[in-house]
Amino acid sequence: MNTTSSQDLLPAELTMGTVMLKVGDMKLMSDYYQRALGLQVVAEQDGGLYLGRLGKPVVHLAPAAGLQIPGRGEAGLFHTAILFEDQPSLAATIATAAQYEPRAFVGSADHLVSEAFYFTDPEGNGIELYYDKPREVWQWDGKNVVMDNVALPPQAYLQQYLSEAAVTGQAQAGAGIGHVHLQVGDVATAQKFYVETLGFERTAGWHGQALFVSAGGYHHHMAMNVWNSRGAGPRRDTLGLGEVLIELPTGDDVSALADRLKVAGLQSHHTGKELRFEDPWRNQLRVAVR
């Protein structure tokens, strides 16, 4: 029986913030995120770069020379998903990414709720570039959003949506983190942590191999899967995912989550404005007031 009350849920106005990546080769990685993905330097800090669009950071590249690239079966990042406001601006970034390094393109799909194109950055981090279809066309089966993997040929997509105006105006087209997808050791533990403790709502599953969760009826703000990582234990300190930022509207929302973590017996660091903790696989999470 689900006894979750609205006080135990994350607020509907939740948004995903900057994803921090620990980087071995700053020059190579910053070049990729700027030239392939069309992000600009928003800020510099401690040798790292915040890259984004229209002054809003999307990724934080933090130098971590000496760390290793994680093994394929380890917990950590599956992909960072960057959401675009319209199809032409998505097409422009697909085009620059494919031109920069064609082999980095790993697939595409119409998910019924979104149109998605997948790439891998030079240090092996997954990236999804996507556009959300209007919410009125999303279909729900009870509390589960209906998603699928329907063929979405990239060449036909570019022919339909790519324009010279979209390419030249790439820097002026907004983009932000839409969702973050993690590799974890098992789905049941992910459900207990992300849904029952943090207060996300489950929106979809995938044959016991993946879990999709959101706040406020979005298709998913976060997802966890075991496709490469079934049985994985806590992460080592490696390159790749450094931190996921989740943004909430008020300090009271952050405090309510801090209370839920305390009741669950989980360690966290709460400053009032922000809350830091880790999931069962040592993925670092930071929750802050937007």
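The buried residues of α3 (residues 154-161) are Y157, L158 and Y161, buried meaning under 20% relative accessible area and exposed over 50%, with partly exposed in between (1.4 Å probe, protein chains only). They cover an arc of only 95 degrees around the axis, which puts them on the same side of α3; the arc is that of the directions from the helix axis to the C-beta atoms. Q155, Q159 and Q160 are exposed on the other side of α3.

## The chain as a whole

The chain has 6 helices and 18 strands. Its radius of gyration, taken over C-alpha atoms, is 18 Å, close to the 19 Å that the globule rule (2.2 Å times the number of residues to the power 0.38) gives for 290 residues, so the chain is as compact as a globular protein of that length. Of the 290 residues, 52% are buried. Among contacts between residues at least 6 apart in sequence, 69% join residues at least 24 apart.

## Basis of the values

Residues are numbered from 1 along each chain as its sequence is written, and side-chain values use heavy atoms, with hydrogens and water left out. Because the model is predicted, local features need pLDDT of at least 70 and side-chain atom pairs count only at pLDDT 80 or more, whereas totals for chains, interfaces and linings use all residues.

How values were computed:
Helices (H or I, at least four residues) and strands (E, at least two) are DSSP runs, numbered from the N terminus. Contact means heavy atoms within 4.5 Å.
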